[in-house]
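Let's take a friendly tour of charges and rings in this protein. Please have a look at the model first.

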Amino acid sequence: MLRTSWIAGPDSGRAGPALVSVTDLRLSTVANLPGVYRAARRLAEDWPALDGAHGMWLWARPMARRCGAVAIWRDRAALAGFLGTPAHVAVMLRYRGRGTVTSSTWDVPRAAPDEVWPRAAVALRA
C-alpha cells in the first residue's frame, strides 16, 4: 500500500477526543485511478486550512484499483463540513458511477496519528 506523509490540519496537536474516517474507493477500471488521485491531491492542498481537521493521509493500492483517505477530525460536524464543501462535492459528482465507495468512522480518545494509521491499515488490507 502506498500512502502520503501526514498532512496536518489546523487542529493538529489539539488535545481531546477525535473522530477517524476511512474512505475506500474501489474503481471499476485502473484508467480512472490517476484522475481520482490527482483530484484527491488537489483537495489535500486545502487541508491545512480546513476547519476541524487534525490531519490525513491519502493512500492507494494501484494494482487493486483502490485509493482513499484516512483522516482524523475534531468531530462529526467537522467531517460533515468537509463532505459538503463545493470542491469535495464536485469530485464526487465527477467520479460518480466509476466505482464503489465505502467508509467507516470511529471515535478515539485522542488524535494520535501513530495509533490511528495501524488500525486503519488493517481495515484497508481486508
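How many aromatic pairs does the structure hold? There are five aromatic pairs, where rings of Phe, Tyr and Trp (its six-membered ring) pair if their centres lie within 6.5 Å. Trp6, Trp57 and Trp117 make up one aromatic cluster.

This is a predicted model, in which local features need pLDDT of at least 70 and side-chain atom pairs pLDDT 80 or more, while totals for chains, interfaces and linings use all residues. Residues are numbered from 1 along each chain, and side-chain values use heavy atoms, without hydrogens or water.

| Contact | Distance |
|---|---|
| Asp11 and Arg74, salt bridge | 3.1 Å between the closest N and O atoms |
| Arg119 over the face of Trp106 | 4.1 Å from the ring centre |

A salt bridge needs a side-chain nitrogen of Lys or Arg within 4 Å of a carboxyl oxygen of Asp or Glu, and the count comes to eight. A charge sits over a ring if NZ of Lys or CZ of Arg is within 6 Å of the ring centre and within 35 degrees of the ring normal.

How values were computed. Phe/Tyr/Trp six-rings, centres within 6.5 Å; stacked < 30°, edge-to-face > 60°.
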